[in-house]
Amino acid sequence: MNAKPFSLADHRPGRIGQAILDLLMRRIVPALFGLLRGIAPVFRVPFTHVTLVTRFDDVQEICSRHDEFPVPYQRMVDHLDWVPTFLLAMKDTPEYRQ
């Protein structure tokens, strides 16, 4: 049996789906984040442990204070047992800096 090799081109949305995604990613998401930046620059999503930070100065502060803002999913990253265990938002360690 000849299986067709996997290709992302086979999984692209159609013209209508692409138009909807384009509208969502180019118009709605930037407008939503712009609105959040003005109304609630640090917004905690209700019923979750997710917080959206939309102002540059707040993001810079969070990035500079690693001890006070731990990565909540570090334990899950460790559980994956990757070598090396690297994720862009992982805890600030010498491996991360390297």
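Glu68 is exposed, with a relative accessible area of 52%; here buried means under 20%, exposed means over 50%, and partly exposed lies in between (1.4 Å probe, protein chains only). Glu68 belongs to a network of salt bridges that also links Glu61 and Arg65, and we will return to that network below. This is a predicted model, in which local features need pLDDT of at least 70 and side-chain atom pairs count only at pLDDT 80 or more, while totals for chains, interfaces and linings use all residues. Residues are numbered from 1 along each chain as its sequence is written, and side-chain values use heavy atoms, with hydrogens and water left out.

**The overall picture**

- The protein has four helices and two strands; these are DSSP runs (helices are H or I with at least four residues, strands are E with at least two), numbered from the N terminus.
- Read from the N terminus on, the elements follow the order α-β-β-α-α-α.
- Of the 98 residues in the protein, 7% are buried.
- The protein exposes about 9100 Å², and carbon and sulfur atoms supply 62% of that area; accessible areas come from the Shrake-Rupley method with a 1.4 Å probe, and for residues only the protein chains shown count as cover.
- Take the contacts (heavy atoms within 4.5 Å) between residues at least 6 apart in sequence: 4% of them join residues at least 24 apart.

**How confident is the prediction?**

- The average pLDDT of the protein is 79, and 71% of the residues score at least 70; pLDDT is the predictor's confidence in each residue, from 0 to 100.
- Confidence is highest in β1, at 91, and lowest in helix α3 (residues 74–80), at a mean of 70.

**Salt bridges**

- Side chains of opposite charge can pair when their charged atoms come close.
- The structure holds three salt bridges, each being a side-chain nitrogen of Lys or Arg within 4 Å of a carboxyl oxygen of Asp or Glu.
- Arg65 takes part in a salt bridge with Glu61 (2.1 Å, N to O) and also in one with Glu68, where the closest N and O atoms are 2.3 Å apart.
- Arg26 forms a salt bridge with Asp22, and their closest N and O atoms are 2.5 Å apart.
- Both Arg26 and Asp22 sit in helix α1, four residues apart, which is about one turn of the helix.
- Arg26 is exposed at 61% relative accessible area, whereas Asp22 is partly exposed at 35%.

**A nonpolar patch on the surface**

- Leu21, Leu23, Leu24, Met25 and Ile28 form a nonpolar patch on the surface, and together they have about 450 Å² of accessible area.
- Patches are made of residues with over 30% relative accessible area and no salt bridge; like charges are joined within 9 Å, and nonpolar side chains (Val, Leu, Ile, Met, Phe, Trp, Tyr) within 5 Å.

**Two loop residues to look at**

- Phe47 is found in the loop between β1 (42–44) and β2 (51–53), where Phe47 counts as exposed at 89% relative accessibility.
- The phi of Phe47 is near 65°, a positive value in a residue other than glycine.
- Most residues other than glycine have a negative phi, and most peptide bonds are trans.
- Thr54 lies in the loop between β2 and α2 (56–64) and is buried, with a relative accessible area of 10%.
- Which residues is Thr54 in contact with, leaving aside its neighbours within four places in sequence? They are Phe33, Leu36, Arg37, Ala40 and Pro41.
- Thr54 and Pro41 are 13 residues apart along the chain, and their C-alpha atoms are separated by 5.2 Å.
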